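Please keep the structure open beside the text while reading.

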Number of protein chains: 2
Amino acid sequence: VILGIGDDAAVLAPSAHPIVVTCDTMVEGTHFRFDLSPPRLIGRKTLAVNLSDVAAMGARPRAALLMMSLRSDLERASFDGIAQGLLEIAYEYDAALVGGDTTRTAGPVVLSVSLDGEAMSEPLLRSGARPGDRVYVTGALGESALGLRILLDRPELAPAHSEVVARHLDPTPRVAVGLALTEGRLASACIDVSDGLVQDAGHIARRSGVSMRLELDRLPRSAAFRAAAGALGLSDWLTPLVAGGEDYELLFTAPADRRVPESLAGVPVTKIGECHEGLSGEVTLVASDGSELALTRKGWEHF
Amino acid sequence: VILGIGDDAAVLAPSAHPIVVTCDTMVEGTHFRFDLSPPRLIGRKTLAVNLSDVAAMGARPRAALLMMSLRSDLERASFDGIAQGLLEIAYEYDAALVGGDTTRTAGPVVLSVSLDGEAMSEPLLRSGARPGDRVYVTGALGESALGLRILLDRPELAPAHSEVVARHLDPTPRVAVGLALTEGRLASACIDVSDGLVQDAGHIARRSGVSMRLELDRLPRSAAFRAAAGALGLSDWLTPLVAGGEDYELLFTAPADRRVPESLAGVPVTKIGECHEGLSGEVTLVASDGSELALTRKGWEHF
């Protein structure tokens, strides 16, 4: 960063590497609520979801811009908390906040961040998966969805299940994993799991022109996920696991002969399936008995 | 642009030049109204105000991201018009729309754009003015403010004064002028006039540690400005001229021995004052009789 906040634009040093650029918006009432989340965590998450996109490209975060449209009745402390949280996570991931714009709105608060990053090696795209490639996911799935369910339906459970709640309110972007994937030229395609496993797998499959089979028994379910599902008395735990979204884990593919470690940058990596020729974009969930599962109104069921 | 819309992030080619980054937000009801402006012009202006910031750095626009928070009752045609207008002006200024995020809001529409550009030569900052430097402005001032006044107070005048109305609804970013300034190493400091001449002159003066004296009789008033002021029956035309804002002209300084042409990239350039030692950030308006003007509740008056 040559010049930060205070001029008509910020100035960044030239880069010998390709630049990745992304943006994400969070709207009060849709993406966050002040009664469910401290402003600091709202600020953190606003940048985190962008860091996750840069991570999915295998790039190093560099400079962020913050656009805030605030209600006039919003307390000063809320504004300060959002800014503090955003600066905090920017520092943790070595990104600089170089500018922004603050406006008033009569409606819900709208927070947008745009972020650029440097792709030190070849950027990881969604389009590189090939038939025969294995499918991997980092960390654990579904915790964020259960955390949100607890906050909305059973807030009294939150203290005992703070881990899954934190996964929803304060997600961890897998920046170091993305860098390890691209530096090691391990992955053929990559995406961050924001919409939900099956949907995001579909994004890779469609852009790559392959189909995917994912094995239900291999999907990483953490002890915290099991405990929260139990406490909520969920009859269907598969939907939050594969369609909950906001996991911000990395889902990636790699050729079968590529040796993918069991963990990258300290984060567990699980092989969950395989790419095939066939209907482009199709994602099939396979149970342990070999039967295929389909999404119905009641959740996921055997065909 | 190596990769546009459709992945976790867009990918831009490496650049041997410094990158400038900027963003601006427009909120329905504050910055635009659907009853005053066709959606296409709202889209154009959303990018134009960012192009103007890049112009003020003397940089070449490159890639834009568009964040739209839309009301669910907004007609599809409004969305299409905004997108069309934005793509249109992006094309005109050789910028690419490489990504974005569309969300729903229960409140006013919020449109944000972030834009990056390449500084082919040394970027133009606000901080480079020195005592003795001359002060210049491009084009004409105050038209946008009168255009807004007509739209709000006397819409029946709009057809006869379409030029000033267009200056408000569809401003022209001075990109080619900014590039000419930096390529010719003409300017010591530069800003775009978005807040109003005196306020933006103050930004340069403060950041440069100088004071400025601007000569009232030299301020460029167009025939269209005079005609609109007459039609509106304005007793105070100085306030829209020097404090109206949204002119999106470039205000710049240059050393006294630098030969600044009377026009740059086809846009008239007018010398309007001089930088001095003295109270940093102070901007004084001087009348033809040498008296100084001050802003009062009634507008600008002699001391």
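Which strand of chain B does strand 1 of chain A pair with, and in what sense?

1. This is a predicted model, in which local features need pLDDT of at least 70 and side-chain atom pairs count only at pLDDT 80 or more, while totals for chains, interfaces and linings use all residues. Residues are numbered from 1 along each chain as its sequence is written, chains are lettered from A in the order in which they are written, and side-chain values use heavy atoms, with hydrogens and water left out.

2. Strand 1 (residues 10-12) of chain A pairs with strand 2 of chain B in the antiparallel sense, over three bridges. Strands here are DSSP runs (E, at least two residues), and helices are runs of H or I with at least four residues, numbered from the N terminus; two strands pair if DSSP finds at least two bridges between them. Within this pairing, Ala10(A) stands opposite Val21(B).

3. In the interface as a whole, 53 residues of chain B are in contact (heavy atoms within 4.5 Å) with 54 residues of chain A. The two chains bury about 3900 Å² between them, 59% of it on carbon and sulfur atoms, where buried area is the accessible area (1.4 Å probe) lost on putting two parts together, summed over both.

4. Four salt bridges are found across the interface, each a side-chain nitrogen of Lys or Arg within 4 Å of a carboxyl oxygen of Asp or Glu.
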